[in-house]
Amino acid sequence: MRLAIPKGRLQDRALGVFAAAGFDVPSEADLKTRKLVFQRGGIEWIFVKDCDVPVYVEHGAADAGIAGLDQILEHECTAYQPLELDFGRCRMMLIAAPGAPPLTKIATKYPRIARQFLDARGVHAEIVPLGGSVELAAVLELTSHVIDLVETGETVRVHKLVMQELVAEISPRLIVGKSAYRRKSKQMRELIARVEAVCHPERREGAVRAGGAQIDDGAPPAHTGPALTLGMTKER
Amino acid sequence: MATKLRYPTGVRALLVEEAARRRRIETRFIDVLERARFAEVVLPIIDYVEPYAELVAPEANRRSYRFVDREGDLVAIRSDFTPMLARALAPAMRPDELPLRLFYRGDVIRCEASRLGTNRELFQIGAEIVGDASVDADIEALRLAADLVREFNGRPTIIYNDVSIVSSLIARSPAVAGALASKRANGELPDDIRPTVKKLIAGEATIDDVAPFAPEAAARLKAIAGALDPDEFVLHLDDFEEAVGYYTGIRFRVYGKNLLARGGRYDGLYERFGTAAPAIGFTFNVDDLE
């Protein structure tokens, strides 16, 4: 089994989840080397840029991984998303310079999501794809608006920008490739059950009992967030 | 000038060795089909869009190259053989000659609009049994697909399900579609089907669990499962695609080392072109065979 871990913002907590679920994860000493692939406990751990996790899983180069909903949507990734994880949540917002200029240009790292957002509102605006520090585009009036992730809102406040509208609630998810799910069904279900037991111990949702992860048959669970299916109609 | 050294995305030329390799595989493949008494049909590379408009989902439509021909009609390059065969065959077939066992070969072009996929020209060979609604035809098609894998890539694994099982659940609650698409039983499921959906996602559901929702499909799946080796033919009751397309019954994927073919039963397709006939078939991507 090959698992894709996103480098950066989510890496440590993603590994923490797998460690808590009883998996033998690469050690900190391992991670200090330049290696990107580690064999531990029968699992091949690969470390890739967060935006590439959906690509590896979609194409079956990794069986499963941890990816933010932002990257899942932007790549129109069709992998299963059996679990939302309970850390690293943030919001994707439409942000503007103060004084609410007319929406004519949007700078973003997420051109595909921005296009869907505009189409859904019937608004015509130009999209300017950027690689990072997207807020600057609004500050310097490169664009009228930006779409970006907001965690604490500090960046937006510092630059005296205004949050206008919620584009999507973003959470990291365990994603499982369709092909892996079909062909390594037992292994994948056990993986899901073990991670679920860590992330949602209170929950009986999809109570998978593989691998001895007995999940309590308690009260009906709360809805775990929008099961966004944007871009999930593609067949593979 | 920029186009001098490359091809449009997703297409390429096969030079000597690759062409010879494909031809060898094609010949062996056709041998197996002909031994199983399948006869060849040849279908055109472009066709009008209009006859297929109703039965093809808009997303699937976007996957094809379309353009206006010299008479001003919208035409598309072939992207799926199965509806084309139905359109060609429905007006021509006589009830007394059914069932027909047919195969076709050729390229299809699909433009995947995703960043992950690319436009692709795929050389395919497909086989269909037209005019036989029986479970025996299902079993024959599944076995033939497995035999074809054995001819090339060794050990086949065929994962199958019947689309009417999941659609009967979705008819009770649309939330089932979201739950099965994400493999997460969310809070919107009504109480009467929640346990079944959870069992499906957990991989614990049996045919008996879903039989109350789709009795005919369940009986059929039992007959199929009883006739085939469970190590090679694996029933995944939770297998589900958002886009069901024209499939009405069993639907399957054929694996060797990788995905090699897809297929299924489409009993409503021929009726749309004038003559009702049940049909089942599958299509292999020839370049994925070894």
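Two residues are taken to be in contact, or to touch, if their C-beta atoms, placed from the backbone, lie within 7 Å. The structure is a predicted model, in which local features need pLDDT of at least 70 and side-chain atom pairs count only at pLDDT 80 or more, while totals for chains, interfaces and linings use all residues. Residues are numbered from 1 along each chain as its sequence is written, with chains lettered from A and ligands numbered from 1 in the order in which they are written.

**View 1. Surroundings of Ala145(B) in the largest nonpolar core.** Leaving aside residues up to four places away in sequence, Ala145(B) touches Ile158(B), Val254(B), Ala261(B), Gly263(B) and Phe282(B). Ala145(B) is also among the members that touch the most others in the largest nonpolar core, which has 69 residues. Such a core is a set of buried Ala, Val, Leu, Ile, Met, Phe, Trp, Tyr and Cys residues joined through C-beta atoms within 7 Å. Helix H4 (residues 135–152) of chain B contributes the most to this core, six residues. At least three residues come from each of domain 1 (1–133) and domain 2 (135–266) of chain B. A second, separate core of 61 residues includes Leu10(A), Leu15(A), Val57(A) and Val134(A).

**View 2. Helix H7 of chain B and its cover.** Arg194(B), Val197(B), Leu200(B), Ile201(B) and Ala202(B) are buried in helix H7 (residues 194–202) of chain B; a buried residue has 20 or more other C-beta atoms within 10 Å of its own. Their cover includes helix H9 (185–199) of chain A, as well as helix H5 (163–172) and helix H6 (175–182) of chain B.

View 3. Domain 1 (1–133) and domain 2 (135–266) make up the division of chain B, and their centres, taken over C-alpha atoms, are 25 Å apart. In their contact, domain 1 of chain B supplies 14 residues and domain 2 of chain B supplies 12 residues. On the domain 1 side, H1(B) gives the largest share, four residues. That side holds 10 nonpolar residues, one polar and three charged.

**View 4. The two domains of chain A.** The assignment for chain A gives domain 1 (2–88 + 171–212) and domain 2 (90–169). Their centres, taken over C-alpha atoms, are separated by 29 Å. Six residues from domain 1 of chain A and seven residues from domain 2 of chain A take part in the contact.

Terms used:
Domains from an automatic or database assignment. Buried ≥ 20, exposed ≤ 12 C-beta atoms within 10 Å, placed from the backbone. Helix = DSSP H or I, 4+ residues; strand = E, 2+ residues; numbered from the N terminus. Nonpolar A, V, L, I, M, F, W, Y, C, P; charged D, E, K, R; others polar.
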